[in-house]
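This briefing goes through the contact between two chains, then the make-up of one of them, and finally the setting of a single residue in the other.

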Amino acid sequence: MTEESAKTALTNAALEIGQQGSGDAAKGASAERAKAVDPQLKQILCDVLGLDADDVSAFDADTGLFGHVPELDSMAVAGLLTEMEDRLDIIIEDEDVDGEMLETYGGLLDFAIAKVEEG
Amino acid sequence: MIGSWTCERPEGRTSKELAVQITPQVEADEPTLLILPALFDEANKLRRYTIEVMRRLSEAGIGSVLPDFPGMNESMAPLSEQGLTQWREDAEQAAQQFGASHVLTIRGSALFAPQTLPAWHYAPAMGPRILRNMLRAQVLALRETGQQLSIDELGERGAAQGIELAGWQFGPQLFSQLQEAEPLANPAHAIIEQSEVGGAGLWLRAEPDDNADQVAALADIIAAKITAR
């Protein structure tokens with residue numbers, strides 16, 4: 001499995017709640033961690049964008065973020081990333097931030113999961 | 001309700017600054033709360049919230065005053081010439097001029113709370129985190145114009161010669177002080193966490209907002225603490 005498809009698999013595991021029990025313990029543990037990141041990330045987006053929890057809970061991997069949500073200018077993106085650092089206990093380097101990561105909810109979630117797993 | 005105060009600076013310079021004061025209807029020997037405004041973009045995001053908290057406190061018989069400090073809000077003084085040490089002295093002056101009995105700091109203003117009065121720090125923001133957020137915004141904004149600079153590179157520049165971040169002109173003094181700033185330890189000062197107020201902090205929002213539940217919660221917490229003292 002390539003790194004990219006592994007991340008996609010984690011995202012799917014996080015997004016499709018209820019598809020548990022693959023039998024692979026390591027994969028199960030990763031999926032558990034990934035699953036914990038999804039609601040935290042949605043809560044952060046909720047808080048930063050001032051959206052209702054119901055609206056954000058409907059976000060899926062393809063939901064557009066930067067460039068689609070007018071509130072997300074550079075100051076707001078900075079606030080979002082700094083809040084992710086605080087709540088997910090990760091450090092986001094300058095070079096981590098690119099258009100792809102901010103393009104969709106799935107991209108941001110993949111990134112957050114990868115950072116959390118890096119420890 | 002909207003008045004002014006005169007901030008004395010070294011070498012005989014004075015700075016006349018705006019102050020919003022809300023006093024209860026019944027004049028008596030009520031406590032007066034000095035409120036120090038949040039800093040930079042958070043000052044804008046939290047201004048309405050702060051004023052609403054003052055209105056609610058007034059209904060509870062507590063007067064409050066929210067002064068501008070040199071370099072903030074409507075001030076004519078340039079932000080680039082300010083520093084945390086000077087702002088702390090200014091806050092002590094404001095406390096005296098308005099006869100304040102207590103102090104409430106909002107987010108970053110915990111970093112220059114006067115040490116002479118009991119104070120509550122609402123969701124205090126540490127200096128390094130304030131700077132990291134603003135430096136990051138600047139890195140992203142510069143990238144859109146094709147310039148690749150890192151948070152560290154901009155930070156070094158800010159400390160050496162000052163820097164403009166998200167439209168705020170930091171002098172080297174304020175920038176370097178913020179790089180290490182946290183609220184001074186003081187047994188008469190306590191923190192009010194956002195979790196006590198409930199909901200998400202309004203400073204997180206991309207746009208300024210208001211929240212009646214949070215206004216009521218924060219004002220009621222402060223009123224209870226002042227009454228208890």
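Between chain B and chain A there are 13 residue pairs in polar contact, counting pairs in which both residues are at pLDDT 80 or more. On the side of chain B that touches chain A, the element that gives the most is helix α3 (residues 127–144) of chain B, which contributes eleven residues. Taken by class, that side of chain B consists of ten nonpolar, two polar and eight charged residues. The model is a predicted one, and the values below are to be read with that in mind.

**Interface of chain B and chain A**

- In terms of residues, 20 of chain B are in contact with 23 of chain A.
- The size of an interface is often expressed as the accessible area that is lost when the parts come together.
- For chain B and chain A the buried area is about 1,800 Å², and carbon and sulfur atoms give 54% of this.
- Within chain B, the residues that lose the most area to chain A are B:R129, B:R136 and B:L204, which together make up 31% of what that side buries.
- The rule for salt bridges finds four across the interface of chain B and chain A.
- B:R129, named above for the area that it loses to chain A, forms a salt bridge with A:D86, in which the closest N and O atoms are 2.4 Å apart.

**Chain A**

- The secondary structure of chain A amounts to six helices and zero strands, and along the sequence the pattern reads α-α-α-α-α-α.
- Among the contacts in chain A with a separation of 6 or more, 63% are accounted for by residues 24 or more positions apart.

**The setting of B:V215**

- B:V215 is located in helix α7 (residues 212–228) of chain B.
- With a relative accessible area of 7%, B:V215 is classed as buried, because the cut-off for that class is under 20%.
- When neighbours within four places in sequence are left aside, B:V215 is in contact with B:Y49, B:E52, B:V53, B:R56 and B:D210.
- B:V215 and B:I51 are 164 residues apart in sequence, yet in space their C-alpha atoms are 9.2 Å apart.

Key
Residues are numbered from 1 along each chain as its sequence is written. Chains are lettered from A and ligands numbered from 1 in the order in which they are written. This is a predicted model: local features need pLDDT of at least 70, side-chain atom pairs count only at pLDDT 80 or more; totals for chains, interfaces and linings use all residues. Side-chain values use heavy atoms; hydrogens and water are left out. Contact means heavy atoms within 4.5 Å. Buried area is the accessible area (1.4 Å probe) that two parts lose on being put together, summed over both. A salt bridge is a side-chain nitrogen of Lys or Arg within 4 Å of a carboxyl oxygen of Asp or Glu. A polar contact is a pair of N or O atoms within 3.5 Å; within protein, one must be able to donate a hydrogen and the other to accept it, and residues adjacent in sequence count only if both atoms are side-chain atoms. Helices (H or I, at least four residues) and strands (E, at least two) are DSSP runs, numbered from the N terminus. Ala, Val, Leu, Ile, Met, Phe, Trp, Tyr, Cys and Pro count as nonpolar, Asp, Glu, Lys and Arg as charged, and the others, Gly among them, as polar. Buried means under 20% relative accessible area, exposed over 50%, partly exposed in between (1.4 Å probe, protein chains only).
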